[in-house]
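Hello,

Here is the structure I promised to pass on to you. Have a look at it first, and my notes follow below.

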Amino acid sequence: MNNFLQQLRQLDFNDIGRWPFVFHAFFVGIFFTIAAGLGFYLFVYQNQMPRLEKAEKEEQELRASFEQKQKKAANFSAYKEQLAEIERSFGTMLRQLPGKTEIPNLLVDISQTGLGAGLQEELFQPMDELRRDFYAEKPIKIRLRGSYHEFGRFVSDIAALPRIVTLHDIEITPAVGTKADPANSDELLLNVTAKTYRYLDESETAPAKEPADAKSTGRKNSKTVKSGEAARKANAAAKKAKVEKAAAARKQG
């Protein structure tokens, strides 16, 4: 090894042709190694590096997607149980909505709740029904007279009803004394809008179809209009012909 290094130091770079064959082969090998490395860097590494980075990024995204789906698959049973629980809760809530035939009885229950709480009912006015997506909303304007504690009992009893009833636009004001006791200023007036809800039947949510009688009536009316227009056009043409005939007769005379 020392001999090789000593011969390497003694080489004359101005007279490369006289170098021993070993050193020729050694430097040619170094040259081709450097050229191959440079060519690989310029023509392979730089061209393929963006593809490699893109592939690594896609791999990370796919790995994250796989892990997320794996977690969902692992929790699939829990999700099914949650869905079943939601469906049961939804069914329970639907059963709390009264049917169309139960609304009158529910209105009586609401009215009796106020009277049972010791309140004096001054207004109980059911309003027109408002239809939503799959249910209908029935508002009732109520005005009650009584004490604050009686109002609290009324609200508590409303919440205890087996059907869903909500209270809105609550307004409490001092009440003017009654004719029997004008000086009574301890009473209060409660103005509130109670809303109850009912589930719409399939027949109520289906789009209304035009009756056959209405269609036939419409066709008859359109035929009548068309025949009337044709008659008017014929009369106008006859009058025009008479005028032209009279004008021609005057010219000949």
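**What I found**

The side chain of Glu 137 makes a polar contact with the side chain of Lys 195, at 3.4 Å; such a contact is a pair of N or O atoms within 3.5 Å, where within protein one must be able to donate a hydrogen and the other to accept it, and residues adjacent in sequence count only if both atoms are side-chain atoms.

Before going on, please note that this is a predicted model, in which local features need pLDDT of at least 70 and side-chain atom pairs count only at pLDDT 80 or more, while totals for chains, interfaces and linings use all residues. Residues are numbered from 1 along each chain as its sequence is written, and side-chain values use heavy atoms, with hydrogens and water left out.

Back to Glu 137: this residue sits in strand β3, residues 135-146 (helices, H or I of at least four residues, and strands, E of at least two, are DSSP runs numbered from the N terminus). Its relative accessibility is 7%, so Glu 137 counts as buried (buried is under 20% relative accessible area, exposed over 50%, partly exposed in between, with a 1.4 Å probe and protein chains only). Leaving aside neighbours within four places in sequence, the residues in contact with Glu 137 include Asp 128, Arg 132, Lys 195 and Tyr 197, contact meaning heavy atoms within 4.5 Å.

Next, the aromatic rings. A search of the whole structure finds 2 aromatic pairs (rings of Phe, Tyr and Trp, the last by its six-membered ring, pair if their centres lie within 6.5 Å; planes under 30 degrees apart count as stacked, over 60 as edge-to-face and the rest as tilted). Phe 31 and Phe 32 form an edge-to-face pair, 5.8 Å centre to centre with 75° between the planes, and both residues are exposed. The ring centres of Tyr 135 and Tyr 197 are 5.9 Å apart and their planes stand at 70°, so this pair is edge-to-face too. Tyr 135 belongs to strand β3 and Tyr 197 to strand β5, so the pair ties together parts 62 residues apart in sequence. Tyr 135 counts as partly exposed because its relative accessibility is 24%, and Tyr 197 counts as buried at 14%.

Finally, helix α4. Its buried residues include Ile 103, Leu 106, Leu 107 and Ile 110. Seen down the axis of α4, the buried residues fall within an arc of 150°, so they line one face of the helix (the arc is that of the directions from the helix axis to the C-beta atoms). They pack against β1 (120-126), β3, α5 (148-159), β4 (165-174) and β5 (188-199).

Best wishes
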